[in-house]
Amino acid sequence: MRERVKEILEENFPDIDFESSDELVDDGIIDSLSIVGMISALSDEFDVSLPYEEIVPENFNSLDSIAELIEKYM
Amino acid sequence: MIGMSYISFSFLLFLAVLMTLYLLMPSVRLRQIILLAGNLVFYICAGGRSLLAILIATTFIVYAASRLMGRVYEGFESETAAKELKPKEKSQLLASYRKRAKAVLIPSLVIVLGILVYGKAGKLIGFPETSDFSSLAGAGFRAVMVPLGISYYTFSAVGYLLDIYWRKTKAEKNPLLLLLSMTYFPVIIQGPISRYDRLMKQFGELPGFSYERVTFGLQRAVFGFFKKLVLADRISAFPAAVFGNIQEHSGLLVVLAVCANAVHLYMDFSGCMDIVIGISEALGVTLDENFSQPFFSKSAAEFWRRWHITLGSWFKDYVYMPIATSKFMMNRTSAIRKSGKKRLASFTAAAVPLIVVWILTGLWHGTGADYLLWGVYWGVLIILETAFAPEWKKLAAYLHTEPDRPLPGFLRMVRTFVYFCFGRMITALGCAGSALIILRRIFSGSGAREFIDGSVFTYGVDAKDFAVIAAGLFICFLVSIWQTKMHIRERIAKMALPVRWAVYLAGIMAVVIFGVYGPGYSASSFVYGAF
């Protein structure tokens, strides 16, 4: 799952190194605009719909937490 | 005491009495009670007396709605605890509970936001303002009542209700803590727009006296008084004089007035924030920062992450993200992407929520056409920047420039300041064509004569004032630079006693000697208090 998520994100956001930090949002590596793009790409690929309450920095801070989040709603 | 503001003598007296009583109290409970009494006294003295009932009623509605939604979700939690559910089943069950929470959320939002919208819309169509219910009824409801601080506490209250609905925070059971947050005197008039969950947590554990905290807080407040009384109130006369008679002026003089107008707003608003955040720090309550050296920003989007931060982050959390991640938007952009138009899909995903946010931001500041235009102006700038980011990058590579190197970085800061000044021009004259009128005057002559014959010093700011402003701005510039590198107050606290006290006294003396005081010490009111 993690690898698949990584592949999709890297394809859509070639400039972002998702493995570079465990605090992607807090370190300013990804902003709200990228989060929106990430949700859109991942929802399309995995056919999931994320409730707004899950869209918090903690869920997007690392590749692991993003993969976990998607898995939860599959 | 009517019309007490943060820079009135009566406020200093109020603060001295409140702080003494508050810091002497031996328990959290007593400190809460003293603080609540202080909040109410402040609200009444600041001119909110006749409409205090609306603020209290709003608090009651927010409390009732938050508790009802809290109870709905407690039901969900106990049901999920009793059954073993898969995540998907859990989210389906949650959807049914959410429907029930929504039945509470919508009416409460309609009432809380309705009072704000009624006031703003009423003003737009020219209804007069009234301060009591009987004259409202007497006017056949063709008047508006605008409670003091409504734009600020409404936003905080709406954010709190939405956070509970989205289960990002839990409903507070103690109504006293909510009442303390909704009436908290440092934030009620001009913000920062607080997140009530964070405030209530702090009100629940109000700390006692700490020498370091109280002195640090008061030092910051003194710096705020310096920005407001020495700089903002001294600068303001100049743009007021030039804009007040704009057809008589041209060129450089108008450019200087536009820059002065921008710097005045920063000193006025950020000075007020230093005062209130400092006072709150002395009381043991940390408020969210509203400014982070905004004039060092290299882009419009970055500027709005560093200027009026709490307003921007409110719009991001409660308007931008919910729209951008809504099913409707996701489906639309997904359909566009699947049709092969990837670029258009990401443009739509960024642009639609941004334009909604900026129209609302404009309307929050004022309901006239000039503010609407101002909102659209910033929206378009930010969309051009963010949605076309790949194109800008390609352009920079083509031109062989590295945008983050010192010189291009500095030029980008200057450009951001120009963006800001232009934005100010849109609303400076209070009419829809404001920016055009000012631009026309800028290009209608050199305006150099006033600088050569010295008449530039006759527009409310004489040569001595210019010198004080230049020195004051230089100090603020140094402080801004230092702030990016160190904790200034901690650094000063570690200095030898005579040096330390020389710095403190110099700060206080600067405010006392160079502050601009009107008759009977009623310095001019803050710009952002009117929203």
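Colleague: As what does A:R4 count by relative accessibility?

Modeller: A:R4 has 34% relative accessibility. Buried means under 20% relative accessible area and exposed over 50%, with partly exposed in between (1.4 Å probe, protein chains only). A:R4 therefore counts as partly exposed.

Colleague: What are the ground rules?

Modeller: This is a predicted model, where local features need pLDDT of at least 70 and side-chain atom pairs pLDDT 80 or more, while totals for chains, interfaces and linings use all residues. Residues are numbered from 1 along each chain as its sequence is written, chains are lettered from A and ligands numbered from 1 in the order written, and side-chain values use heavy atoms, without hydrogens and water.

Colleague: Which side chain does A:R4 meet in a salt bridge?

Modeller: A salt bridge is a side-chain nitrogen of Lys or Arg within 4 Å of a carboxyl oxygen of Asp or Glu. Here the N to O distance is 3.1 Å. Both residues lie in helix 1 of chain A, three residues apart, about one turn. The partner is A:E7.

Colleague: How many residues apart in sequence are the parts that A:K6 and A:E19 tie together?

Modeller: Their side chains meet in a salt bridge at 3.3 Å, N to O. A:K6 lies in helix 1 and A:E19 in the loop between helix 1 and helix 2 of chain A, so the parts tied together are apart by 13 residues.

Colleague: Which residues are linked with A:E19 in a network of salt bridges?

Modeller: A:E19 also meets A:R2, at 3.0 Å, N to O. The network links A:E19 with A:R2, A:E3, A:K6 and A:D64.

Technical notes: Helix = DSSP H or I, 4+ residues; strand = E, 2+ residues; numbered from the N terminus.
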